[in-house]
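Dear colleague,

I am passing on the structure we spoke about, with the sequence alongside it. Please have a look at it first, and then read the notes that follow.

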Amino acid sequence: MSAYPSDNDLEARARAGDIPSLLALGGRFALREDVNRARACFAQAAKLGSPAGLRMLAKSLLAQQPVNAADGVSMMQGAAQQGDAEAMHLCAVLAAQDENLPQRWTIANQFSARAAALDYPLACEEQAMAAR
């Protein structure tokens with residue numbers, strides 16, 4: 001017996017609305033480069049109220065074809081507003097890279113500080129380096 005649930009087990013749980021199963025199944029689809037099925041799982045998790053699902057959907061929209069940067073950024077901001085620390089960190093990275101964003105470093109630092117306050121490791125390291 002495997003320590004990991006089969007795709008069939010995850011699919012059954014996902015159909016029942018189990019958010020961790022939706023996220024795990026979406027992750028498996030993403031690894032197999034089945035973008036549409038991965039996004040469908042993440043979107044369903046987000047509809048059920050999962051900030052992680054919204055973040056994972058946003059990451060897919062920003063990084064995998066077909067890219068939809070506007071929706072990806074908007075969804076990442078939504079996940080950050082819902083308290084997802086990784087989304088906050090990614091918003092910091094996106095803000096820092098956006099040369100057209102007024103006050104981009106201030107905004108990036110605010111997102112990074114919020115993520116660090118939630119003990120997101122990369123943001124904690126960034127805040128520690130900035131304090132030196």
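**How α3 and α4 pack**

In this predicted model, helices α3 and α4 are roughly antiparallel to each other, because the angle at which they pack is about 150° and an angle over 145 degrees counts as roughly antiparallel. Helix α3 covers residues 35-47 and helix α4 covers residues 51-63, and their axes lie 7 Å apart. The crossing in which α3 passes α4 is left-handed.

On the α3 side, the contact is made by Val35, Arg39, Phe42, Ala43, Ala45 and Ala46, while α4 contributes Gly53, Leu54, Met56, Leu57, Ser60 and Leu61. Sorted by class, the residues in this contact of α3 with α4 are nine nonpolar, two polar and one charged.

**The protein as a whole**

Turning to the overall picture, the protein has eight helices and zero strands, so that the order of elements from the N terminus on reads α-α-α-α-α-α-α-α. Along the principal axes, the C-alpha atoms fill a box of roughly 50 × 30 × 25 Å.

Of the 132 residues in the protein, 35% are buried. The protein exposes about 7,900 Å², and 54% of that area is supplied by carbon and sulfur atoms. Among the contacts with a separation of 6 or more, 37% are accounted for by residues 24 or more positions apart.

Definitions and conventions
Residues numbered from 1 in each chain as written. Predicted model: local features only at pLDDT ≥ 70, side-chain atom pairs only at ≥ 80, totals over all residues. Heavy atoms only, no water. Axes fitted to C-alpha atoms, helices over the stretch in contact; angles between N-to-C directions. Helix = DSSP H or I, 4+ residues; strand = E, 2+ residues; numbered from the N terminus. Parallel < 35°, antiparallel > 145°, perpendicular 65-115°, else oblique. Left-handed = near helix turned anticlockwise from the far one by under 90°. Contact = heavy atoms within 4.5 Å. Nonpolar A, V, L, I, M, F, W, Y, C, P; charged D, E, K, R; others polar. Buried < 20%, exposed > 50% of the residue type's maximum accessible area, 1.4 Å probe, protein only. Areas by Shrake-Rupley, 256 points an atom, 1.4 Å probe, with all protein chains shown as cover.
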